[in-house]
Amino acid sequence: MNFWDYLGNRHQQLLTDAYQHASAVFQCMVVATVLGVIIGIVTYRSDWAGSLATTTTSTILTVPSLAMIGLLIPIVGLGVAPTVIALTLYGLLPIVRNSIVGLRGVDPSLVDAAKGIGMSRVARLFRVELPLAWPPILTGIRVSTQMLMGIAAIAAYASGPGLGNEIFRGIASLGSKNALNQVLAGTLGIIVLALLFDAAYVLIGRLTIPRGIRA
């Protein structure tokens, strides 16, 4: 059976796996984005706190993904839980780092001007600082998403959802007539999803970042 015949016969299962893969990455990115931006807001004013946040999330990223999921299985079991926890932790570094960099890069004169017209600290944060820091934050989200697309494939090791199951089935049946087709289908599916997500982020950037800031 050639690759195109395999896709035709397995398209329903592949679409289901692709949906689960995209859904897992999207949901984990939402959680990682919220946590990462909050950590950035809490730590960006202090050099040591910012360094601690960046170092901690960097350390998490050095743990091999297979080892991370393996460590989580005895604690939370198989399935979705270890996948969500691992992906969320891995997604933090680019968002935390870019949130801190973006917030620190806001022109102090703009913050002083907002303070001068009576804005509270919370108002300055949400109406001045975060909008100006949004471009680097969005870049961090894009980087995290691309990383998680690949890492999510390892979730199949813990019976997690996604296209990794297709890849692992192919690896487990090496030598069979469809082994290469399975690995290729899972890999190409992840690449296509990554490109679609990145295109969506480009569109979000164009819609949410003023032209002057983009320039």
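Student: What is the mean pLDDT of the protein chain?
Tutor: The model is predicted, and the mean pLDDT of the chain is 90. Of its residues, 98% reach 70 or more.

Student: Which element has the lowest mean pLDDT, and which the highest?
Tutor: Helix H10, residues 211-214, has the lowest mean, at 64. The highest, 96, belongs to helix H5, residues 92-104.

Student: How many helices and strands are there?
Tutor: The protein chain has 10 helices and 0 strands. Along the sequence the pattern reads α-α-α-α-α-α-α-α-α-α.

Student: And what box do the C-alpha atoms fill?
Tutor: Taken along the principal axes, the box is roughly 70 × 40 × 20 Å.

Student: On to packing. At what angle do the axes of H1 and H7 cross?
Tutor: Roughly 140°. Helix H1 covers residues 3-43 and helix H7 residues 121-151, and their axes come within 10 Å.

Student: What does that make H1 relative to H7, oblique or roughly antiparallel?
Tutor: Oblique, because roughly antiparallel needs an angle over 145 degrees.

Student: Is the crossing left-handed or right-handed?
Tutor: H1 passes H7 in a right-handed crossing.

Student: Which of them gives the largest share?
Tutor: H9, with 6 residues.

Student: Which residues line that pocket?
Tutor: The lining includes Phe3, Leu7, Leu14, Leu15 and Ala18. Also in it are Leu163, Ala185, Leu188, Gly189, Val192, Leu193 and Leu196.

Student: How does that lining divide by class?
Tutor: It has 11 nonpolar residues, 1 polar and no charged. Gly189 is in the lining, and Gly counts as polar.

Student: How many cavities of 30 Å³ or more are there?
Tutor: The structure holds 1. The largest cavity has a volume of about 30 Å³.

Student: What lines the largest cavity?
Tutor: Ile69, Thr83, Ala86, Leu87, Tyr90, Ile151, Ala152 and Ala155.

Student: Which helix gives the most to that lining?
Tutor: Helix H4, residues 80-90, with 4 residues.

Student: And how many nonpolar, polar and charged residues does the cavity lining have?
Tutor: The lining of the largest cavity has 7 nonpolar residues, 1 polar and no charged.

Notes:
Residues numbered from 1 in each chain as written. Predicted model: local features only at pLDDT ≥ 70, side-chain atom pairs only at ≥ 80, totals over all residues. Heavy atoms only, no water. pLDDT = per-residue confidence, 0-100. Helix = DSSP H or I, 4+ residues; strand = E, 2+ residues; numbered from the N terminus. 1 Å grid on protein atoms, 1.4 Å probe; cavity = no way out; pocket = protein on both sides within 12 Å on 5 of 7 lines; lining within 4 Å. Points joined across faces, edges and corners; volume = space filled by probe spheres on them. Axes fitted to C-alpha atoms, helices over the stretch in contact; angles between N-to-C directions. Parallel < 35°, antiparallel > 145°, perpendicular 65-115°, else oblique. Left-handed = near helix turned anticlockwise from the far one by under 90°.
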